[in-house]
2 protein chains.
Amino acid sequence: MAKHDSLLDLLFTALGDPTRRAILTRLAQGEASVTELAAAHDMALPSFMKHLRKLEQARLITTNKAGRIRSCALSANAFAPIETWLDAQRALWTDRLDRHDDYLRNLHRRRQDEAEPEN
Amino acid sequence: MAKHDSLLDLLFTALGDPTRRAILTRLAQGEASVTELAAAHDMALPSFMKHLRKLEQARLITTNKAGRIRSCALSANAFAPIETWLDAQRALWTDRLDRHDDYLRNLHRRRQDEAEPEN
DNA sequence: CCATAACTTAGCCATATGGCTAAGCATGAT
DNA sequence: ATCATGCTTAGCCATATGGCTAAGTTATGG
């Protein structure tokens, strides 16, 4: 990914990895420290931390270091931009179907007009 | 991405690129051929085709070749697995908040019991 | 039938991703 | 004061990604 990815880019690519989705699912239950989270994943800590950093960059999680422990939590409304985008897509799609329906209705009416001319 | 990515992996990573999201937005308006779609993107055709292939692998679009023209269309319910996953996450999150509320309520009741013993 | 249009294949390149190890650096426990 | 814990940094490696050009292939239009 380039330097200036949009938040949507960051969000979707962050979610495109099973390790990262698992972290989010775990965090939905409540906060956890880095090592607590890492315990579930057979992976060296530095590798794991990279995933956490991506989640943080995508603003899906927030982290906070107290002493030597970094605590991670799910961001509130983490998925909002995604839902907004999905809603917009759905809106376009249904608009188009509506317009197609109109087209078919008009076509039908025109055919009827031809069959029974209105004079 | 490895050879055996889950559909969710394919879906999310397919959506993690602005070119590909733009293609989907365009296709929400209706079918289009490869060159029609490519016209909007300053990119060589083979590069563009790679994006289409990823969208197809993620089952976000379907394509169909008639003569020398390949027509592309949005898949129906393309986003369903994503919505399902998001719903599940939301469910976990709200469950957890509910349980937290209960905990606070119980805590409060216990404190009141201590303040006003029930004999 | 021949040229052009619309892909398609092959292969190259730079950068990004996702993993690792080894070593460093605070902080908390003893 | 010292040692273990909990990250953190640095750097290496293999593969994946996203772009390109050049050279096919397969219809169609004239």
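Mentor: Start with chain B. Three strands form an open sheet there, in the order β1-β3-β2, and the pairing is antiparallel. Helices (H or I, at least four residues) and strands (E, at least two) are DSSP runs, numbered from the N terminus. Two strands pair if DSSP finds at least two bridges between them. This is a predicted model: local features need pLDDT of at least 70, side-chain atom pairs count only at pLDDT 80 or more, and totals for chains, interfaces and linings use all residues. Residues are numbered from 1 along each chain as written, chains are lettered from A and ligands numbered from 1 in the order written, and side-chain values use heavy atoms, without hydrogens and water.

Trainee: Which strands of chain B stand at the edges?

Mentor: β1 (32–33) and β2 (61–66) of chain B do. Each has a single partner strand, so one side of each is left without a neighbour in the sheet.

Trainee: How do strands hold on to each other?

Mentor: Strands of a sheet pair through backbone hydrogen bonds, either parallel or antiparallel. In this case, β1(B) pairs with β3 (residues 69–74) of chain B over two bridges, in the antiparallel sense. B:Ser33 has B:Ser71 as its bridge partner in β3(B). B:Ala32 has B:Cys72.

Trainee: What packs on this sheet?

Mentor: Helix α2 (residues 18–28) of chain B does, touching β1, β2 and β3 of chain B. Contact means heavy atoms within 4.5 Å. The direction of α2 makes about 90 degrees with that of β3(B). Axes are lines fitted to C-alpha atoms, for helices over the stretch in contact; angles run from 0 to 180 degrees between N-to-C directions.

Trainee: How many bridges join β2(B) and β3(B)?

Mentor: Six, and the pairing is antiparallel. B:Ile61 is bridged to B:Leu74 in β3(B). The two strands form a hairpin with two residues between them. In the turn, B:Gly67 has a positive phi of about 65 degrees.

Trainee: Now chain A. What is the strand order in its sheet?

Mentor: The order is β1-β3-β2, in an open sheet of three strands with antiparallel pairing. β1 (32–33) and β2 of chain A are at the edges with a single partner strand each, so one side of each lacks a neighbour in the sheet. Six bridges join β2 (residues 61–66) to β3 (residues 69–74) of chain A. Among them, A:Lys65 is partnered with A:Arg70. α2(A) lies across β1, β2 and β3 of chain A, at about 90 degrees to β3(A).

Trainee: How do I describe the place where the chains meet?

Mentor: The size of an interface is often given as the accessible area lost when the parts come together. Here, about 2,600 Å² is buried between chain A and chain B, and carbon and sulfur atoms give 61% of that. Buried area is the accessible area (1.4 Å probe) that two parts lose on being put together, summed over both. In chain A, A:Phe12, A:Arg21 and A:Trp93 lose the most area to chain B, together 20% of what that side buries.

Trainee: How many salt bridges are there between chain A and chain B?

Mentor: Four. A salt bridge is a side-chain nitrogen of Lys or Arg within 4 Å of a carboxyl oxygen of Asp or Glu. B:Arg21 forms one with A:Asp9, with the closest N and O atoms 2.6 Å apart.
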